[in-house]
Every structure is written in structure tokens, then in C-alpha cells.
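This report describes a single protein chain through its computed geometry. The sequence and the coordinates are shown first, and the description follows.

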Amino acid sequence: TAFRVEVKSVNEDLDQNEKDTFNNHRIYLEHYAYLVYWFLISAEDNTTTTKNTRKTKVIGTDLKSFDWSAHKLKAFDLINWLLALKLSKIWTLPSDRTNFVNLFTKPAYQLLENPIQAKSRPIKDRVFRTLSLCIKDYEHLFVAQTTIMQHLQYWEHSAEPMAELLVYMVEKENYNQLADEILRDISNREFKDTASKEMKDSPNPKTFASFLQKMTELSPKTILKNLVMLINQLDSDVK
């Protein structure tokens, strides 16, 4: 694809430090990134909509029957190749780099909102790699922390993929800070009885409990390291 050709060209020019090409690469990459963003968001919206709708118009039949999975994987493979490059040479301002990588993080998180996609190992491997690169290299830690907590609050199925993401960061990327920050945040949360009328917009205790259980199964060392903070939740009377 044209995007792959451009990423390859960027890789070569960065290796050779061809500074005269950086401005053109920036323009091209921003255009391609927006197209990839649009494709991933549209594909996921269509997948989510058509899977939940039994009656569809004739015009949507082709989209409904189309398998987007392979194209999503290819898109994230290219995204991860690109994010692994020294993009700070092309986008010298942190704010500009942030705006650029946000075109990739938003569809990554949206995929994990879908229970079906969140169970797909190939999808999760690509998405976890995308997010880990953005967290480690593009100052995405705070946004990731906030987004993960929102997923745990609003999406019951998110306990397992969010735990897997943190463990991926710890084991594959040797990066502990995100897991430590999430567990610290959870230790400071106040959970209410699920039968309470005040439950709206408050953390879902069952989802967070499932998340902690999964973390314990996958990375007991991480939980043990933060056990002093989490001890407050063990005393909680919410069931």
C-alpha cells in the first residue's frame, strides 16, 4: 500500500538523517494517519452496528458480510512499525507528536470496547504494542491511565483485557509504571454497594474485583509489590 511505501521511505530517511525530507514526510504521514484513523473507526463502527442489528438495509449487506479483521491487523502492523521509528526528528514539538499519535490510540481503545475484539489474541497483541509504544515513547502515560480506569468503570468485559495490557507492559516492555499507577488509583477509590441508588457514575466493584483477580493470576509479583496500598480494598464490605 501507499502507506507502507511511505513508512519504509521514512525509515530509510531517518536512518540516513535526510533532514530535507522530514517536512514532506510529516505532511504525507499526517494525511495517511488520518485515513487509517478514519478506516479503523469506520470499520469498528460498522462491525459493532451490524453485529447488533438483525435487520439491515440492502445497501449495508456487503459491509455486514465483509470481514474487516485482516485489514485491521495490517493497519496496526504498519502503525507499530511507524511508531517504533524516531518520529521526534519529524515532529519536534511534544504537542504535535501527541496530536499525531492520538490518531492511533483512539481506535486502539475503541477496539477494546468491543467484547468480541477484546477476546481476539491477534487484535490484542497489536493494540497492546501500539499503546505500549505511545506510553513509553510519546508521553501517553496519563491518558492511558485515565482511559483504562474509564474502561473498568463502564465496560464489564474490560477487566481481563485491561489486566492483560498491564501485564504486557510489565513482562514484554519491562515497564511497571502504568501498572503501579493503576493499582494506586484503585486503592484510593471508594466503592459503593451495587444496590445503592448512588451507584450511577461510581466505580463498578465487580469489574474492578475481576481486574485485580486477573492481575493476581497473570502477575502476582506486581500485586504483591502494591499489596500495602491495596490492603484498604481488602477491608471493603462491598460484595
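## Phe100 and the nonpolar core

Leaving out residues up to four places away in sequence, Phe100 touches Leu29, Glu30, Ala33, Leu82, Leu87 and Trp91; contact here means heavy atoms within 4.5 Å. Phe100 also belongs to the largest nonpolar core, which has 65 residues. Such a core is a set of buried Ala, Val, Leu, Ile, Met, Phe, Trp, Tyr and Cys residues joined through side-chain atoms within 4.5 Å. The members that touch the most other members are Leu82, Leu83, Leu87, Phe100, Leu178 and Phe211. Helix α8 supplies the largest share of this core, nine residues.

## Basis of the model

The model is predicted: local features need pLDDT of at least 70, side-chain atom pairs count only at pLDDT 80 or more, and totals for chains, interfaces and linings use all residues. Residues are numbered from 1 along each chain as its sequence is written, and side-chain values use heavy atoms, with hydrogens and water left out.

The predictor's confidence in each residue, pLDDT, runs from 0 to 100. Its mean over the chain is 87, and 84% of the residues reach 70 or more. Over residues 49-61 pLDDT stays under 50, and for this stretch the model has five contacts beyond four places in sequence.

## Overall architecture

The chain has twelve helices and zero strands. These elements are DSSP runs numbered from the N terminus, with helices (H or I) of at least four residues and strands (E) of at least two. Of the 239 residues in the chain, 46% are buried. Buried denotes under 20% relative accessible area, exposed over 50%, and partly exposed in between (1.4 Å probe, protein chains only).

Among contacts between residues at least 6 apart in sequence, 73% join residues at least 24 apart. The accessible surface of the chain is about 13600 Å², of which 52% belongs to carbon and sulfur atoms. Accessible areas come from the Shrake-Rupley method with a 1.4 Å probe, and for residues only the protein chains shown count as cover.

## Helix α7 and its packing

Helix α7 covers residues 141-154, 14 residues in total, and reaches 20 Å from its first C-alpha to its last. This is close to the 20 Å expected at 1.5 Å a residue, where the expected span is 1.5 Å times one less than the number of residues.

Which residues of α7 are buried? They are Leu141, Ala144, Gln145, Thr147, Ile148, Met149, His151, Leu152 and Gln153. The buried residues of α7 pack against α5 (94-113), α6 (121-137), α8 (159-171), α9 (177-187) and α10 (205-218).

His25 is located in helix α2, residues 22-51. With a relative accessible area of 5%, His25 is buried. Beyond four places in sequence, His25 touches Glu6, Ser9, Val10, Asp13 and Ile90. Tyr37 lies in helix α2 as well, and its relative accessibility of 18% counts as buried. Apart from neighbours within four places in sequence, Tyr37 is in contact with Leu103, Lys106 and Pro107. Tyr37 and Ala75 are 38 residues apart in sequence, and their C-alpha atoms are 9.4 Å apart in space.

Thr130 is placed in helix α6 and is buried at 0% relative accessibility. Neighbours within four places aside, Thr130 is in contact with Phe76, Ile79, Asn80, Leu83 and Phe104.

## Salt bridges

Side chains of opposite charge can pair when their charged atoms come close. The whole structure contains 13 salt bridges, each a side-chain nitrogen of Lys or Arg within 4 Å of a carboxyl oxygen of Asp or Glu. One of them joins Lys225 and Asp180 at 3.2 Å, N to O. Lys225 lies in helix α11 (residues 220-225) and Asp180 in helix α9, so this pair ties together parts that are 45 residues apart in sequence. Asp180 is buried, with a relative accessible area of 16%.

Also in the structure is a salt bridge between Glu181 and Arg184 (3.3 Å, N to O). Both residues lie in helix α9, three residues apart, about one turn of the helix. Glu181 is partly exposed at 23% relative accessibility, and Arg184 is partly exposed at 34%. In helix α10, Glu217 and Lys214 are likewise three residues apart, about one turn of the helix, and their side chains meet at 3.8 Å, N to O. Glu217 is exposed, with a relative accessible area of 51%. Salt bridges that share partners also join Arg121, Lys124, Asp125 and Glu164 into one network.
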